[in-house]
Amino acid sequence: MPSVTGVLETALYVDDLARAARFYQDVLGLEPLTSDARFCAFDVGGRSVLLLFQRGSTLETVVMPGGTIPPHDGHGPLHVALAIPAAELPAWEQRLAEHGIVIEGRTHWRRGGDSIYFRDPDGHLLELATPGLWAIY
């Protein structure tokens with residue numbers, strides 16, 4: 001069986017791309033990799049990419065010099081969990097509070113990890129999770 005070695009990209013669909021990009025850059029500190037009028041790509045920990053797409057901008061096939069990207073889109077609030085070191089959880093709670101972001105939920109997992117949950121400007125549920133959530137993390 002050929003192997004899959006990880007999730008490379010995660011996509012969220014947003015109503016206001018500039019507003020969403022500011023949130024992910026200014027609040028979460030993600031570094032932009034590239035962007036255009038329909039999307040913005042962010043480096044997430046040097047291991048994966050978070051793609052923000054302007055909702056409705058990916059309904060047509062994209063033709064590029066190297067090939068094509070088939071249409072895709074999404075609606076409604078989605079969920080993304082971001083990994084953080086356990087020692088940084090209090091600093092993240094403070095940072096979110098400084099930006100007026102409400103923590104909607106907290107979970108202490110049986111393996112010892114902790115998660116906090118909050119929303120981005122488009123209502124997507126974001127989770128900051130410390131090690132001890134899954135058997136692999």
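Student: Which residues touch the most other members of the largest nonpolar core?
Tutor: This is a predicted model: local features need pLDDT of at least 70, side-chain atom pairs count only at pLDDT 80 or more, and totals for chains, interfaces and linings use all residues. Residues are numbered from 1 along each chain as its sequence is written, and side-chain values use heavy atoms, with hydrogens and water left out. A nonpolar core is a set of buried Ala, Val, Leu, Ile, Met, Phe, Trp, Tyr and Cys residues joined through side-chain atoms within 4.5 Å; buried means under 20% relative accessible area, exposed over 50%, partly exposed in between (1.4 Å probe, protein chains only). The largest core holds 26 residues, and those touching the most other members are Tyr24, Leu28 and Leu52.

Student: Which element gives the most to this core?
Tutor: Helices (H or I, at least four residues) and strands (E, at least two) are DSSP runs, numbered from the N terminus. At least two core residues come from each of β1, α1, β3, β4, β7, α2, β9 and β10. With six residues, the top contributor is α1.

Student: Which residues does tyrosine 24 touch, beyond four places in sequence?
Tutor: Contact means heavy atoms within 4.5 Å. Residues up to four places away are not counted. That leaves Leu12, Gly29, Leu30, Phe42, Leu50, Leu52, Asp120 and Leu126.

Student: Is histidine 124 buried or exposed?
Tutor: Histidine 124 sits in the loop between β9 and β10. Its contacts outside four places in sequence include Leu12, Val14, Arg55, Pro77 and Phe118. With a relative accessibility of 0%, histidine 124 is buried.

Student: Which residue's backbone oxygen lies 2.9 Å from a polar atom of the side chain of histidine 124?
Tutor: Histidine 124 is in contact with Leu12, Tyr13 and Val14, among others. The 2.9 Å approach to its side chain is made by the backbone oxygen of tyrosine 13.

Student: How many salt bridges are found in the whole structure?
Tutor: Side chains of opposite charge can pair when their charged atoms come close. The cut-off here: a side-chain nitrogen of Lys or Arg within 4 Å of a carboxyl oxygen of Asp or Glu. The search of the whole structure gives four.

Student: How many residues apart in sequence are the parts tied together by arginine 19 and aspartate 122?
Tutor: Their closest N and O atoms are 3.1 Å apart, in a salt bridge. Arginine 19 lies in helix α1 (residues 17-27) and aspartate 122 in the loop between β9 (114-119) and β10 (125-129), so the separation in sequence is 103 residues.

Student: Which salt-bridge partner does arginine 106 have?
Tutor: Arginine 106 is exposed, at 54% relative accessible area. The N to O distance is 2.4 Å, and the partner is glutamate 93.

Student: What is the N to O distance between glutamate 104 and arginine 119?
Tutor: Arginine 119 is partly exposed, with a relative accessible area of 34%. Its side chain meets that of glutamate 104 in a salt bridge, N to O, at 3.0 Å.

Student: Which strands stand at the edges of the open four-stranded sheet?
Tutor: The order is β1-β4-β3-β2, with mixed pairing. Each edge strand has a single partner, so one side of it is left without a neighbour in the sheet; the edge strands are β1 and β2.

Student: In which sense do β1 and β4 pair?
Tutor: Two strands pair if DSSP finds at least two bridges between them. Threonine 10 stands opposite leucine 50 in β4. β1 and β4 share six bridges, and the sense is parallel.

Definitions and conventions:
Polar contact = N/O pair within 3.5 Å; in protein donor to acceptor, adjacent residues only side chain to side chain.
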